[in-house]
Amino acid sequence: MDLDNLASLEYFYPEIILAGAILLVIVLDLVIKNKRVIGALSILGCLASLGATLQLYSGPSGFLFHRMMVLDHFSLFFKIVALAATILVLWMSFSSREVASLHQGEYATILLSSALGMFFMASATNLLMAYLSLEMVSITSYILTGFLPRNRRSSEAALKYLIYGGVASGAMIYGMSWIFGMTGSLDYSQIHAALFQGQPNQLALFIAFVLILAGFGYKIVFVPFHMWSPDVYQGAPTPFTAFLSVASNAAGVAILLRFFFPGVSQLGPDGSWRFLSGVEWPQFLLIVSMVTMTLGNLSALGQQNLKRMLAYSGIAHAGYILMGLVVLNTEGLQAMLFYIVVYLIMNLGAFLVVVLVANATGKEEIDGYRGLAWRGSAVPAIAMAIFLFSLTGLPPLAGFVGKFFLFAAVIKQQFYLLALVAVANSVISLYYYARVVKVMFLDFPEASDGRVELNPGAATLLGLLSVMTLVFGIYWGPLVAFTSQSLQFFTK
Amino acid sequence: MEITLTHFLVLGAIIFCLGMYTVLSRRNAISVLMGVELILNSANINYVAFAHYSSGGVDGQIYAIFVIMLAAAEAAVGLAIVLAIFQIFHTIDVGATETLKN
Amino acid sequence: MTEHVLTYMTFFPLAGMIAVLLLPSSKPNLIRWTSVVFTIPPLLLGIWLYRAFDPNNPGLQFTEQVPWIPTYNIQYFIGVDGISISMVLLTALLSFICIFASWGIEKGVKGYFALFLLLDTGMMGVFVALDFFLFYIFWELMLLPMYFLIGIWGGPRREYAAIKFFLYTLFGSVLMLLAILALYFTSDPHTFDMTVLIKQGASYSTTPLGIWPFDSLHLRWGFQHIVWLALFVGFAIKIPAFPFHTWLPDAHVEAPTAISVILAGILLKMGTYGILRINYPMLPQATADLAYVFLGALGTWNIIYGALCAMAQKDFKKLVAYSSVSHMGYVMLGMASFTPQGINGALLQMFNHGTITGMLFLMVGVIYDRAHHRDIEGFGGLAAVMPVYTGISALAIFASMGLPGLSGFISEVLVLLGTWQKYPVLTVFAATGVILTAGYLLWTVQRVYLGMTNEKYKLMPEINTRELFTMIPLGIIVIIVGVYPTVVLDLLRASLTQLNQVIIPHLG
Amino acid sequence: MEHPIQTDYLRWIVLLPLIGAALNGLLGAQLQKRVGKWLISIIACAPVVIAFGISAAAFLKLKALEPEERFLIDHVYPWLHVGSLSVDVSFWVDPLSAVMILVVTGIGGLIHIYSTGYMHDDRSYWRFFAFLNLFTFSMLLLVLADSMLLMFIGWEGVGLCSYALIGFWYHDHVNTRAGNKAFIVNRVGDFGFILGIFLIFWTLDAQGHATLAFREITKNAALLQGQMLWGVPVATLATLFLFLGATGKSAQIPLYVWLPDAMQGPTPVSALIHAATMVTAGVYMIARLNAVFSLAPETLHVVAAIGAATALGAATIALTQNDIKRVLAYSTISQLGYMFLAAGVAAYAAGVFHLMTHAFFKACLFLGSGSVIHAMGGEQDMRKMGGLKKYMPWTFWTFTISVLAIAGVPGLAGFFSKDEILWQAFSSEHGSPWLWLVGVVCAGLTAFYMFRQLFMTFFGECRADHHTKEHLHESPKVMTLPLAVLAVGAIAAGYIGLPAVFGPNFFGHWLEPVLGGGHEEHASAALELGLMLVSIGVAALGILLAYLMYYKKTLSPDVFASLAGGVFYRLFDRKYYVDELYQKVFVGGALKLAAIGVWIDTNIIDGMVNGTARLTVFVSWLNGLFDNYVIDGMVNAVADLTYWSGGKFRKVQTGSINGYLYVILGAVVVAIIIKLRYAG
């Protein structure tokens with residue numbers, strides 16, 4: 001299926017619905033006084049879009065808009081992830097005192113726009129489209145990062161993010177320009193054909209790939225493209241930080257996989273992928289993966305600020321996710337997709353607790369969590385413990401299953417060193433996750449520590465996320481089926 | 001002397017490096033943003049040159065146009081942020097903003 | 001009913017946990033009794049299981065096999081055989097008893113009992129699981145409740161103890177996970193089913209990898225050996241074998257009494273149980289090659305080292321903790337012998353140590369609750385004040401010392417007897433442990449129970465009915481097994497004989 | 001012996017005392033409070049008396065049988081069946097164990113009765129009898145056990161009871177320490193014993209006859225021959241291990257140190273456990289396994305040498321002791337040395353004979369001393385006694401008879417048994433004149449120190465203080481009656497084992513099916529008589545010396561004490577400094593090792609664990625440092641360069657944005673360099 005512009009629209013309505021929702025929110029923002037309605041409306045828009053996406057999932061695959069985009073299970077999977085993240089973050093935002101001070105209409109609009117950008121990232125099959133979608137996500141992210149008015153940290157973070165993002169995407173398009181020069185095309189399948197048939201200069205190709213990787217890598221936050229993330233995570237409004245940590249990361253993975261797998265490698269009959277000869281990606285990624293998880297975990301150890309700690313933990317998790325890429329086979333990719341879903345659930349949950357605690361105490365530092373289990377409702381503390389232990393990778397929680405698949409993929413390919421490093425990292429990570437748990441449960445609150453109250457909306461969301469973390473830890477069969485189904489690239 | 005593709009590529013590379021250098025060495029936020037613009041434009045030169053010297057198609061030119069457009073968008077956002085920064089910190093020295101630290 | 005008996009035994013406590021969570025925390029007694037109610041069925045089912053178990057069948061009984069995640073060939077597969085039955089019974093019994101031993105918990109009663117019941121499910125699950133994946137899940141499931149139970153309800157240094165326990169164990173279990181995955185991918189078709197993996201056991205490569213610096217030990221280091229070692233480290237931490245044992249004294253000292261009982265009575269057994277269940281049949285060649293050094297010699301070292309360390313302790317609970325290190329050494333040593341006596345003795349020692357050390361910890365708990373310290377030197381002459389307590393303590397202590405007529409003797413003598421045939425020198429060293437054990441335990445008896453009564457404790461109340469109720473069943477078992485060991489040995493024999501037959505052909 | 005007679009009453013010999021122990025142990029405290037001490041006494045004494053009756057019945061039944069068929073067995077239940085190991089709980093009576101059960105229940109019964117008087121005022125009356133019964137049970141189990149492992153239960157059981165009874169008055173740490181010492185030293189012996197069991201079991205197992213039953217071991221003992229372990233014949237190694245066990249239980253060198261301290265227990269305990277029964281278990285065990293020991297001449301030499309050395313060493317120590325019970329304790333050790341001397345020259349029957357006669361007179365001596373101590377209000381120092389003859393005639397006369405018996409005065413039990421040993425030591429194929437000489441010297445020493453004791457206690461002026469003197473009285477009937485019975489035994493018991501020169505040796509014949517015949521073949525009666533006269537003479541000399549020194553006081557003991565500058569006196573008085581040595585080397589050594597172990601745990605292992613954690617944190621800190629200083633430093637350097645080149649030189653603040661970018665640039669450059677270097 002290779003559709004022209006008009007015919008494409010028929011398969012484009014998730015995006016159209018989302019775009020419509022964005023416009024509607026802009027308009028209604030002018031007339032509606034009760035700002036909560038805007039949030040609800042945005043969620044409704046997302047849900048509608050989600051419905052449409054799911055409907056497409058059972059439909060055909062193919063290229064849209066003259067091969068600018070592709071519609072396949074892989075892209076739909078990431079769209080679902082992006083929508084799920086958006087919905088959950090909007091829901092979370094209701095409970096956030098920080099977000100309540102913001103201009104709701106603009107906040108929702110920009111968040112939805114970012115989600116739309118992620119849609120495009122997931123389905124881009126053209127270097128131009130890839131760049132545009134990436135920038136769409138980036139620019140909205142810069143704005144939301146600096147969205148807290150007259151807030152030092154927020155503005156500073158935004159500036160850092162902007163400069164960093166600008167340089168990264170600049171480097172990326174510079175690299176892309178070399179690819180374009182070598183292949184004469186922006187279209188992935190033509191690039192693929194040109195690269196595999198011709199004799200490209202390997203050094204030029206390598207440099208181009210490294211530059212492109214800089215652009216993708218800073219979205220996924222792996223080393224050495226990770227340094228912005230702690231600052232930005234700490235500075236941005238917490239719900240948006242949550243969004244950034246899961247959705248942006250996922251979209252980065254999507255665009256990376258699309259470019260590097262169907263784009264520049266070939267799928268063998270046994271489910272393993274073969275890169276362009278002469279380009280030592282596995283070794284390179286192996287090192288990147290190990291360094292990323294180790295550096296992330298080590299840096300997280302000393303952190304006092306929960307958001308900052310979660311940022312470093314996010315870097316470490318990016319390292320784990322990369323493990324799936326290193327092995328260059330279907331199991332690895334599937335494990336990555338699985339992990340993304342699981343990570344989305346548990347990380348959003350953790351951020352939700354951060355939001356709740358910040359509401360009650362105004363603190364994001366670890367001492368704000370002192371004796372959390374003994375201050376009012378114990379539910380946030382218990383839920384936080386579940387999320388953190390899941391992030392550590394302890395059974396029977398979802399995080400364990402995610403790691404299990406990654407380890408399995410790695411061991412199957414006999415990358416024992418990588419497995420050992422990852423295992424050592426899991427143990428190190430326990431140290432800082434458990435420190436939070438310790439503070440919440442083993443320490444006792446002081447009189448000055450405020451009580452943490454739960455509103456019904458937040459409680460429901462917290463319950464939902466914890467239950468999902470537990471359920472996917474025990475019965476993950478359907479989720480595995482979904483991810484393996486989603487690992488289907490449309491290339492013809 | 002005939003102007004070949006190589007000349008353009010070298011020019012692009014030089015501008016890329018200059019942009020990089022600017023970003024790295026300048027402390028003034030505006031200057032840094034201008035460095036980013038340089039990097040983007042170095043890519044543009046490549047695109048246009050490649051498009052010119054390869055057979056057919058205007059993909060490169062289109063790409064360059066989009067880059068220019070996005071550079072403007074980014075600059076708009078960037079300047080807005082710089083303004084906000086200036087309001088808070090009364091400086092636009094990127095080194096002076098050091099709230100976020102380990 | 002009968003075909004799901006193990007499932008019921010495993011998940012009744014989990015149901016109890018949910019029930020406890022639904023109760024209002026303002027009614028602690030209701031919570032306590034609810035916990036009791038949910039630990040009774042496993043105990044009764046355990047008794048039924050004991051009667052229904054066919055001791056002559058070496059294979060698995062009461063199995064349940066249901067696909068769980070079919071795409072990865074993961075199953076819900078449980079069952080018991082001679083290797084696990086005694087542990088299952090012990091778990092059911094100690095869980096029940098420990099609920100009563102936890103009666104004195106006043107802080108966060110609801111949380112405590114909920115976690116305790118969760119722990120119960122995890123422990124039972126480990127012993128019945130026959131699918132590797134399931135096994136691992138249960139294995140790790142115990143970690144979290146244990147962390148909290150020590151960390152929240154423990155003594156002054158509880159945080160340190162809890163995190164130390166957690167990190168140590170996690171370190172071991174991730175290595176185990178890698179080994180499990182390695183075995184999974186070596187199997188064809190890929191499976192986590194332990195019975196299938198065992199059938200393939202002999203075929204795992206033992207070709208030396210040649211990169212290990214230990215070749216001077218004349219060991220053959222192949223894939224099988226590496227996997228064996230990875231599993232071993234995971235299990236050795238639980239046992240705990242030297243040098244992975246230092247979490248134990250800390251954890252024991254800080255944990256509340258009931259949790260110490262569970263730790264020593266059940267958790268430690270998982271290490272040796274895992275080796276018997278997994279390392280032995282699945283990696284027979286590696287077992288044959290490595291058992292001498294890693295089980296035999298290390299076990300002997302454990303016996304002596306643990307006893308020596310116990311001798312130097314001033315804290316009563318720490319002393320008991322180190323005595324566990326010492327006594328678990330017998331288990332390792334017996335396992336390494338591959339003689340019927342040794343291996344039966346090892347498994348019996350696991351059972352006996354569970355009951356005896358359970359009593360010891362309960363015993364320490366009784367005086368700790370009254371005096372609020374455990375300094376051995378700080379007591380004295382308790383025999384005059386608390387004669388009944390002293391009597392039952394003496395029973396526990398002498399059982400621990402391996403006094404004939406009590407259960408500890410049977411297993412220790414079987415272990416040493418079995419080991420003699422293979423490793424007489426080790427046996428000589430291990431048997432010196434008998435002397436050291438008598439030394440530190442008698443010294444303790446002297447300092448705590450005998451002599452002039454400490455003025456402070458002239459009026460210390462005698463052991464109460466509840467406390468007696470926790471100790472007497474164990475005491476009866478200790479005596480019965482000592483006098484008539486067949487009641488337990490009969491259960492084990494067939495399966496262990498079969499297990500031995502797997503290894504013996506591989507012994508050089 | 002091929003077809004033992006099955007019975008089902010032997011078990012009651014063992015079980016009755018256990019029932020008594022259980023009743024008194026579990027309910028005694030209540031019974032004593034609610035009902036009274038008389039019930040406790042009945043519960044305690046009745047089982048032992050009944051057991052004596054059953055033992056006598058068994059003995060008579062045995063006697064009625066042909067010598068080769070004297071063998072009763074009672075299978076109770078299968079106990080341990082694992083692999084080739086199969087051990088049942090079953091009891092047997094053969095001529096050897098028949099003697100032992102009669103001694104244990106008979107003398108034990110008397111001591112039980114005696115104790116009802118001796119312990120009457122003790123608060124923990126019930127506890128005493130519970131342990132005393134438990135001891136009887138264990139001892140009977142030890143004796144009647146038909147297999148080594150079952151015997152080991154009794155073996156350790158008696159040790160436990162001994163421990164509990166030594167430390168019976170636990171308020172005083174002197175007592176509890178003595179108890180600990182007894183138990184731990186015995187454990188060292190048990191260590192050897194159990195290893196001996198293992199070695200025998202596996203050696204027979206390798207020959208296809210895995211067994212631990214004594215009868216089977218005896219039958220298959222020949223299979224042990226020619227087997228080697230560690231370059232030593234198995235029979236020798238096994239018997240050495242077993243002998244280590246025997247030295248522990250029977251207080252021989254090097255493990256005798258606990259017995260003198262064990263006198264801290266109540267005196268009946270000393271009589272029953274530390275004189276008559278438990279301490280003889282080692283001799284019994286060697287006699288029981290004589291078939292194995294006979295295969296190992298090296299071991300026999302060791303046994304004989306140790307026995308002789310112990311006899312001599314203990315006797316010398318006894319010379320200087322002033323505590324009435326300690327003298328008896330060292331005397332016991334010395335007499336046990338005799339028994340081992342006998343066993344060591346393969347004269348097992350002589351050893352067992354002495355065991356039996358010793359049980360009578362030594363129990364009598366201890367009970368007599370108990371009676372004295374009872375009368376003296378707990379005083380044990382002989383220097384504060386004297387002249388008790390007139391206050392307590394029963395005690396005096398029975399004591400005197402026993403002293404005469406132990407001193408080897410002809411006509412009394414001790415004379416016959418001791419002489420038999422001396423004769424065997426001289427004439428046996430394993431014996432030597434040297435062993436005989438040591439034995440004779442000991443006999444003289446024994447006579448001396450026993451008479452010294454007699455004189456110091458019962459003769460002369462009473463040296464007690466006024467208060468004690470007023471309360472001096474003869475002990476009640478329940479105490480004196482057993483004394484009388486034992487004294488009769490001390491006289492009569494010898495006549496069942498007359499030396500060959502005087503008449504038929506019933507005892508030797510009785511034991512022949514078990515222990516093998518004597519070897520009277522090449523010995524001349526004249527030589528035997530001659531040697532006998534020598535030993536009588538030496539004993540008389542000892543008595544004379546004691547008479548002169550402690551009765552007439554015409555010879556000062558200082559003459560001897562100052563011999564060789566007092567070195568010997570000090571050595572004897574301080575018991576050769578063995579206690580000090582053991583304390584320093586073994587106890588101190590163990591504690592030192594324990595401290596080392598703890599040090600390793602806290603410093604090395606935990607140090608490593610914590611070190612790893614700290615290292616991780618340190619690396620993480622370095623990582624932060626890298627961010628803050630190296631990268632910032634780099635930024636500053638470039639910035640400095642820039643400004644310098646622009647003509648301005650200014651110290652700039654750190655700038656993390658730039659720093660981050662440097663890292664990336666650096667990484668990319670490194671990647672490219674690596675690519676160029678290695679992959680081009």
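Okay, let's start in chain A, where H8(A) passes H10(A) in a left-handed crossing. Keep in mind that this is a predicted model. H8 of chain A covers residues 152-183 and H10 of chain A covers 202-220; their axes come within 7 Å and cross at roughly 145 degrees. On the H8(A) side, the residues in the contact include A:Tyr164, A:Gly165, A:Ala168, A:Trp178 and A:Met182. Across from them, H10(A) brings in, among others, A:Ala204, A:Phe209, A:Leu211 and A:Tyr218. What about charge in there? The contact has no charged residues, with 17 nonpolar and 4 polar.

Next, over to chain D and its sheet. We've got an open sheet of 3 strands, in the order S1-S2-S3, with mixed pairing. S1 (5-6) and S3 (85-93) of chain D are at the edges with a single partner strand each, so one side of each has no neighbour in the sheet.

Last stop, the contact between chains C and D. Chain C puts in 44 residues and chain D puts in 40. Which helix gives the most on the chain C side? That's H18(C), with 13 residues. Other elements giving two or more residues there include H12 (284-311) and H14 (340-371) of chain C. By class, that side of chain C has 31 nonpolar and 13 polar residues, and no charged ones.

That's my tour, over to you.

Methods:
Residues numbered from 1 in each chain as written. Chains lettered and ligands numbered in written order. Predicted model: local features only at pLDDT ≥ 70, side-chain atom pairs only at ≥ 80, totals over all residues. Axes fitted to C-alpha atoms, helices over the stretch in contact; angles between N-to-C directions. Helix = DSSP H or I, 4+ residues; strand = E, 2+ residues; numbered from the N terminus. Left-handed = near helix turned anticlockwise from the far one by under 90°. Contact = placed C-beta atoms within 7 Å. Nonpolar A, V, L, I, M, F, W, Y, C, P; charged D, E, K, R; others polar. Pairing = 2+ DSSP bridges.
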